[in-house]
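Please work through the following exercises with the sequence and the model at hand. Each task is followed by a solution in steps.

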Amino acid sequence: MGDAATHQQQENQSTPRQSPPNQSAPHAGPQDRMRLHVVLPSESAAMAVRELAGLARQAEELGYAGVWLPDHLLPPGPYGAPPQSYGGVYEPLAALAYLAAVTERITLGTSVLIAPLREPLLLARQSATLARLSGGRFVLGVGVGWQRYEFAAAGVGFGTRGARTDRALRLVRRLHTGAGGPYDDGLVSFDERAVFEPVPEEPVPFLIGGNSDAALRRAAEFGGYWQGVGLTPGEFAERRRWFAGESTAGRSAAGAPRVAAGTRIAWDGPDRTLAEVTAEVADWEAAGAEDLGVWFGAVDGGFADRMRALAEATGVADGRIGQ
């Protein structure tokens, strides 16, 4: 939920809750309000990590559901510089491990990690370790990526990024459920001697970012969360109905995990009033968003003040809006 770039907003992404999700249980009921999250600022190398930690603790104290960090491995331009405004100065998995130690209840997630640029076995261990370190509060938000330069620099084929993402998620889920070898997906293979630890108490939930049919199918397969980006509330509601259509057509597996749909927005300066942003939050809830992440701009540009103001205006508590 956290790169300010226009391009990044069109790619992958995502969002979720205060307590770890039960992958098989439905939501409690219609009385539940939308969950509100904070997309942390990670666009400036000059920002001290203690500031990031302070914002995460403040978000928890204010009652937000989760805090999220973006990811860029090697962008072709400075972090935070227009027009791309790349986010992700701090490597998100390492930074979230740090934030896990200074928070107690709030969800910690990536919005989103560029999955096909990560070695899948290592990603499985890193995410399982984060689940253990955080007490089950970590959500692995992933997208397929959009910046060709990063793929070329890493020696990874841009055209195969969707298939690589699917393979990575299937491997992570397999290892997180305690299954071992033999295994061979065409890229990763091991026999029955393979040992994976730590196995999390519950498989790390996935958040799938992106607006394409492929992203929606990915979310339907793995469950957890879907995050649309750069859509209007009306467009979001239309995309959200895709999941109901899949179920009606019988294309979703029986008993498949439920998908919670969400999105993210930005409030990064004085050009928008608190009343306008609060009204937008209400519009997203009316459109059926179950999770909404908000990026509040640069850390030194009023981020903390806007984060507090929106929390008070929406009455957020225990992760959910109340007004």
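The model is predicted: local features need pLDDT of at least 70, side-chain atom pairs count only at pLDDT 80 or more, and totals for chains, interfaces and linings use all residues. Residues are numbered from 1 along each chain as its sequence is written, and side-chain values use heavy atoms, with hydrogens and water left out.

**Exercise 1. Confidence**

Task: State the average pLDDT of the chain and identify stretches where the pLDDT is below 50.

Solution. 
1. The term pLDDT denotes the predictor's confidence in each residue, from 0 to 100. The chain average is 89, and 86% of the residues score at least 70.
2. Where pLDDT is low, the predicted coordinates should not be read in detail.

**Exercise 2. Serine 42**

Task: Locate serine 42, decide whether it is buried or exposed, and list its contacts beyond four places in sequence.

Solution. 
1. Serine 42 sits in the loop between β1 (35-39) and α2 (49-62). Helices (H or I, at least four residues) and strands (E, at least two) are DSSP runs, numbered from the N terminus.
2. The relative accessible area of serine 42 is 0%, so this residue is buried. Buried means under 20% relative accessible area, exposed over 50%, and partly exposed in between (1.4 Å probe, protein chains only).
3. Apart from neighbours within four places in sequence, serine 42 touches Met47, Leu69, Pro70, Gly87, Gly88, Val89 and Tyr90.

**Exercise 3. Arginine 264**

Task: Describe the setting of arginine 264 and the position of the backbone oxygen of serine 111 relative to its side chain.

Solution. 
1. Arginine 264 belongs to strand β10 (residues 259-266).
2. With 9% relative accessibility, arginine 264 counts as buried.
3. A polar atom of the arginine 264 side chain lies 3.2 Å from the backbone oxygen of serine 111.

**Exercise 4. Salt bridges**

Task: Give the number of salt bridges in the structure, then examine those of arginine 193, glutamate 238 and glutamate 290.

Solution. 
1. A salt bridge is a side-chain nitrogen of Lys or Arg within 4 Å of a carboxyl oxygen of Asp or Glu. The structure holds 13 of them.
2. Arginine 193 pairs with aspartate 191 at 2.7 Å, N to O. Arginine 193 is exposed at 68% relative accessibility, whereas aspartate 191 is partly exposed at 26%.
3. Glutamate 238 pairs with arginine 241 at 2.6 Å, N to O. Because they are three residues apart in helix α8 (residues 233-248), glutamate 238 and arginine 241 are separated by about one helical turn. Glutamate 238 is partly exposed, at 47% relative accessibility.
4. Glutamate 290 pairs with arginine 240, their closest N and O atoms being 3.9 Å apart. This pair links distant parts of the chain, 50 residues apart: glutamate 290 is in the loop between α9 (274-286) and β11 (291-295), and arginine 240 is in helix α8.
5. Glutamate 290 counts as buried at 13% relative accessibility, while arginine 240 is partly exposed at 30%.
6. Elsewhere, salt bridges with shared partners join Asp71, Glu91 and Arg118 into one network.

Methods: Contact = heavy atoms within 4.5 Å. Polar contact = N/O pair within 3.5 Å; in protein donor to acceptor, adjacent residues only side chain to side chain.
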